[in-house]
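I wanted to look at one helix, the core and the ligand shell.

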Amino acid sequence: MKGLFITFEGIDGCGKTTQIEMLSGDLQKEGIPFVLIREPGGTSIGEKIRTILLDKANSGMDERTELLLYEAARAQIVREKIIPELQSGKVVICDRFYDSTIAYQGYARGLDLKEIDFLNNWSAAGIKPDITFLLDLDEETAYRRRHGRSDEEDRLEAEGLLFMKKVRGGYLSRSKEDARFQVLDALKTPEEIYQQIRKTVWEVVQK
Ligand SMILES: Nc1ncnc2c1ncn2[C@@H]1O[C@H](COP(=O)(O)OP(=O)(O)OP(=O)(O)O)[C@@H](O)[C@H]1O
Ligand SMILES: [Mg+2]
């Protein structure tokens, strides 16, 4: 496949969207074709699934139901968008991908990691990110960053700091197992973080 598949991961409020906006601004300026993808969601079926997942009225959702909804949204977006865009040579940037499932549903909720890996690969048709930027941040700072935001807390965000601590630990464990991860210190300023991202991405796109 000719394109470049980049994913951004990290706990809620670590700065993924901020960095993705900086990267897309740069790609745009330099005329490098790219698409932005949001997981779960990004397709009309996926956006409906996202609404179910974030709805506070669904607090009784079984954790397996939750897992399968994420995987269902993923199966759709991988085939409907990610694979075709990569085949056309674009840079595909995903705001969360299957590492989120391992960190949230696996390490934090406690579902079996091997079973999740199987479902992740099955839904993703075996495709794998070329680069995964993990914005590593402690849960208290992330909480404080989010606090100023006007968004109503969604069902996942209401679960608190302990949950986020487990998510963070899960991401860090995963990052040690796979060379595609680049772990970034998200306590730095957005500009400092972005310089590292730009360097890594430009080394690849300029080849
Ligand atoms: N490096 C940084 N230093 C300080 N504040 C930051 C930094 N990066 C982002 N922020 C601020 O922190 C808040 C959360 O950032 P952002 O929305 O980018 O995080 P996110 O990872 O996309 O969150 P979510 O998981 O909820 O989508 C925003 O108010 C943003 O302006
Ligand atoms: Mg975001």
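I count two residues as in contact if their C-beta atoms, placed from the backbone, lie within 7 Å. The model is predicted.

**Helix α7**

I began with α7, which runs over residues 161–175 and has 15 residues. From first C-alpha to last it reaches 21 Å, close to the 21 Å expected at 1.5 Å a residue. I then listed its buried residues: Met-164, Val-167, Arg-168, Gly-170 and Tyr-171. They cover an arc of only 160° around the axis, so they sit on the same side of α7. What do the buried residues of α7 pack against? I found β1 (4–9), α4 (98–108), β4 (131–136) and α6 (139–147).

**Core**

Next I looked up the largest nonpolar core, which has 47 residues. Ile-6, Val-92, Ile-93, Ala-103, Leu-135 and Val-167 touch the most other members. Helix α3 (residues 63–87) gives the most to this core, with 7 residues. Val-167 I had already noted among the buried residues of α7.

**Ligand 1**

Which residues come nearest to ligand 1? Of the 15 around it, I noted Gly-15, Lys-16, Thr-17, Thr-18 and Arg-145. I sorted the shell by class: 4 nonpolar, 6 polar and 5 charged residues. α1 (16–29), α6 and α8 (190–205) each supply at least two residues of the shell. The largest share, 3 residues, comes from α1.

Methods
Residues are numbered from 1 along each chain as its sequence is written. Chains are lettered from A and ligands numbered from 1 in the order in which they are written. This is a predicted model: local features need pLDDT of at least 70, side-chain atom pairs count only at pLDDT 80 or more; totals for chains, interfaces and linings use all residues. Helices (H or I, at least four residues) and strands (E, at least two) are DSSP runs, numbered from the N terminus. The expected span of a helix is 1.5 Å times one less than its number of residues. A residue is buried if 20 or more other C-beta atoms lie within 10 Å of its own, exposed if 12 or fewer, and partly exposed in between; C-beta atoms are placed from the backbone. The arc is that of the directions from the helix axis to the C-beta atoms. A nonpolar core is a set of buried Ala, Val, Leu, Ile, Met, Phe, Trp, Tyr and Cys residues joined through C-beta atoms within 7 Å. A residue is near a molecule or strand if its C-beta atom, placed from the backbone, lies within 6 Å of it. Ala, Val, Leu, Ile, Met, Phe, Trp, Tyr, Cys and Pro count as nonpolar, Asp, Glu, Lys and Arg as charged, and the others, Gly among them, as polar.
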